[in-house]
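Hi,

Here is the structure I promised to pass on to you. Please open it alongside this note, and my findings follow below.

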Amino acid sequence: MATNILMPALSPTMTEGTLARWLKKEGEPVRAGDVIAEIETDKATMEVEAVDEGVLGRILVPDGTAGVKVNDPIAVLVADGESVPSGAAPAPLPVSAAPKPETAAPKPAEAAAPQRNGHDAGERIFVSPLARRMALQAGIDLATLKGSGPNGRIIKADIEAAQARGPAAAPPSVAAPAPAAAPAPAAKPAAPAITAAHTLLPHSSVRKVIARRLAEAKQQVPHFYVSTDVELDALLKLRADLNGKSAKEGPGAFKLSVNDLIIKAAAITLRRVPKVNASFTDEGTVLYDDVDISVAVSIPDGLITPIIRKADQKGLAAISNEMKDLAARAKAGKLKPEDYQGGGFSISNMGMYGVSTFAAIINPPQAAILAVAAGQQRPVVKDGQLAIATVMTCTLSVDHRIVDGALGAEWLAEFKRVVEDPLSLML
């Protein structure tokens, strides 16, 4: 019996994804555990394994299709020698939905809602991703259309035909006007027309999620910012000494970056000032038992924040090796959900770009993120004398609902002490 292969949910927050490419072709045998496709989620590109055996009879969603909803059919699996259906296989009827002989005829008030162009109220409408986007942009109700594609699927030509016809009055049986309708919400202002010559780059799934989450963070989380200048000379000397000793060890040698030491310093600070390692909820403040630090990594479509878990309990070499592995897999789109989901605190380091100072947006539901700028030689006053030191500016962005100004300043002051006395990183 033909069965549908459905778009999988590869993370708890995934509602749609992009079918990047098929690794099996129509007519090829499929065994349970075979990798059949690559799916781009809002965070990474992940491989999808088959759970049943059979033959890949028909591919319903071609390579590169974006906006595929979770649990939508993407292909049809058939038994060897079985005829291939022209579209998705019919979903099996649940046992609870089977008709009962004793069921009484529905009362008039329970009668089914009238159909709209062949669609029952609440019935699922089959529509191509492109046609769905066009209908959304044009304000067209898909339930009023009759699809001309395979099995009644609504396609691009149906949307274009509806646009050419113009707005149509809704049939009287669909809905009677309410006697006292609530005022309609204000229409969203139209985006300014772009008349200059340009190239339009469609948003990737990652960029859409970044845009949505950062907009929500700035709108819903009351940010405040605390900055301080941190002298790095002692930390840079410790890094050079450790890297020099490691280079003599041969196999198993490591090379620490400044970012590795910053991660460790932030982890120690979070253990000493634990109320910043927190999240706000309506029920109360969540204080995390473990120090799990999310570290921003730039990828082609934006950024992602893989996590160094229990960073306060790991040595510098372990943090360095783990961070290199996470960054490499992030850039290759090979992170697993457990690599980037969670975390209680974030670090965003743009020092390698020569940035002198910046403030980062909080990564909900975390309470804080540390923005780390470049280490620069600056004049400083020591014991009443002018001197030169390597200084970096760090800015802590904090959720003011659970972290007050004094607590944010306490955390940043402790972080400064740890970095300027880096031998504590070895304890």
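Strands β6 and β8 run antiparallel and are joined by four bridges. One place to look is Ile59, whose bridge partner in β8 is Ala75. Strand β6 (residues 54–59) also pairs with strand β3 (residues 29–30), again in the antiparallel sense, over two bridges. There, Val30 has Gly54 of β6 as its bridge partner.

Before going further, please keep in mind that this is a predicted model. The protein has eight helices and 19 strands. Of its 427 residues, 39% count as buried. Among contacts with a separation of 6 or more, 61% are between residues 24 or more positions apart.

Strand β17 and its neighbours

Next comes β17 (368–372). Five of the five residues of β17 are buried, so this strand is largely enclosed by the rest of the structure. In a regular strand the side chains alternate between the two faces of the sheet. In β17, Ala368, Leu370 and Val372 point one way, while Ile369 and Ala371 point the other way. Strand β17 has partners as follows: β16 runs parallel to β17 and is joined to it by four bridges, and β19 runs antiparallel to β17, with five bridges between them. To find the pairings on screen, look for Ser348 opposite Ala371 in β17, and for Val372 opposite Cys394 in β19.

The loop between β16 and β17 holds Pro365. The peptide bond leading from Pro364 to Pro365 is cis, with omega near 5°.

Helix α8

Helix α8 covers residues 405–420, which is 16 residues. At 1.5 Å a residue it should span 22 Å, and its end C-alpha atoms are 23 Å apart, which agrees. Its buried residues are Leu407, Gly408, Trp411, Leu412, Glu414, Phe415, Val418 and Val419. These residues cover an arc of only 160° around the axis, which puts them on the same side of α8. They pack against several elements, including the strands β16, β17 and β19 and the helices α4 (233–247) and α5 (258–272).

Lys264 and Asp312

Lys264 is buried yet has no salt bridge, and the nearest side chain of opposite charge, Asp312, is 6.9 Å away. A salt bridge here needs the nitrogen within 4 Å of a carboxyl oxygen. Apart from neighbours within four places in sequence, Lys264 is in contact with Ala311, Asp312, Gln313, Lys314, Leu316, Ile319 and Leu425.

Which residue does Asp312 form a salt bridge with? The partner is Arg271, and the closest N and O atoms are 2.9 Å apart. Asp312 sits in the loop between β15 and α6 and Arg271 in helix α5, so the pair ties together parts that are 41 residues apart in sequence. Asp312 is buried, with a relative accessible area of 17%, whereas Arg271 is partly exposed, at 38%.

Other salt bridges

The count of salt bridges comes to 17. One of them joins the side chains of Glu231 and Lys382, at 3.2 Å from N to O. This pair links distant parts of the chain, with Glu231 in strand β9 and Lys382 in strand β18 (residues 376–382), 151 residues apart. Glu231 is partly exposed at 25% relative accessibility, and Lys382 is partly exposed too, at 37%.

Glu322 and Lys314 also meet in a salt bridge, at 2.7 Å from N to O. Relative accessibility is 24% for Glu322 and 23% for Lys314, and each counts as partly exposed.

Backbone angles to check

Most residues other than glycine have a negative phi, and most peptide bonds are trans. Asn71, in the loop between β7 (65–69) and β8 (73–78), has a positive phi near 75°. Lys310 has a positive phi of about 50° as well. Lys310 is found in the loop between β15 (307–308) and α6 (316–331), and it is partly exposed, with a relative accessible area of 37%.

Happy to talk any of this through.

Best wishes

Conventions. Residues numbered from 1 in each chain as written. Predicted model: local features only at pLDDT ≥ 70, side-chain atom pairs only at ≥ 80, totals over all residues. Heavy atoms only, no water. Expected span 1.5 Å × (residues − 1). Buried < 20%, exposed > 50% of the residue type's maximum accessible area, 1.4 Å probe, protein only. Arc of directions from axis to C-beta. Contact = heavy atoms within 4.5 Å. Lys, Arg positive; Asp, Glu negative; His and termini not counted. Pairing = 2+ DSSP bridges.
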